[in-house]
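Good morning, and thank you for coming.

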Amino acid sequence: MTSILKVDTLQDSSGTGTPYITGAVLQVKYFQLTTSQTETYSSTNTDQAITNFVVNITPKSASSIIKIEANMMFEWENSPWDTMWFFYRDTTKLGNTQASPGSRRIGIAPSLPSHGNTTMNNDSTAEYATLTYFDDPQTTSSIDYKLGVNSLGTNSIFINRMIADNIDSSSYERGVSFISATEIGG
């Protein structure tokens with residue numbers, strides 16, 4: 001007896017060429033920062049992109065889903081609890097669509113303190129943000145996905161390090177941050 005395995009496939013954007021398996025990972029693009037980076041934001045309650053945290057992907061099929069992920073290890077200078085993280089698809093903000101504009105901060109995920117610490121100090125308590133979003137761009141054109149943040153006040157962010165980075169102690173951690181885009185055949 002012969003078994004036949006049927007696999008749902010989709011063609012590339014031209015309708016010819018090698019078929020892509022539905023649900024399969026077609027490609028992964030990423031940016032990973034293993035050194036420190038510091039940025040200052042002078043605008044309050046404003047959506048802003050994080051410098052360097054950009055990944056470019058050209059979908060192989062218009063029916064693909066793009067899974068965007070980011071992990072940030074950092075320390076805010078002010079108000080780490082009053083921030084929201086999100087992604088941009090080129091210039092379009094991706095995130096919660098139910099919130100109305102105005103003073104409400106909208107996005108995908110907030111900043112979180114490490115180690116469950118609720119009494120933040122401003123030189124050695126790491127914060128982090130981990131976010132994932134499934135995007136349906138319906139295109140085979142090149143896309144820039146960027147990591148964005150909205151902070152309550154003027155703020156400096158110390159990425160992959162603590163504010164007081166000149167102290168060699170176990171209380172002053174360093175880490176790695178990244179953004180990635182994974183194309184999943186649709």
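Predicted model: local features only at pLDDT ≥ 70, side-chain atom pairs only at ≥ 80, totals over all residues.

Residues are numbered from 1 along each chain as its sequence is written, and side-chain values use heavy atoms, with hydrogens and water left out.

The protein has zero helices and 14 strands; helices (H or I, at least four residues) and strands (E, at least two) are DSSP runs, numbered from the N terminus. Of its 186 residues, 39% are buried, meaning under 20% relative accessible area with a 1.4 Å probe, protein chains only.

Let us turn to Ser177, in strand β14 (residues 177-184). Is Ser177 buried or exposed? Its relative accessibility is 0%, so Ser177 counts as buried. Its side chain makes a polar contact of 2.7 Å with that of Asn160; such a contact is a pair of N or O atoms within 3.5 Å, where one must be able to donate a hydrogen and the other to accept it, and residues adjacent in sequence count only if both atoms are side-chain atoms.

Now the rings. The whole structure holds six aromatic pairs, that is, rings of Phe, Tyr and Trp (its six-membered ring) with centres within 6.5 Å; planes under 30 degrees apart count as stacked, over 60 as edge-to-face and the rest as tilted. The ring centres of Phe74 and Trp85 are 5.3 Å apart and the planes stand at 50°, so this pair is tilted. Both Phe74 and Trp85 are buried.

Key. Buried < 20%, exposed > 50% of the residue type's maximum accessible area, 1.4 Å probe, protein only.
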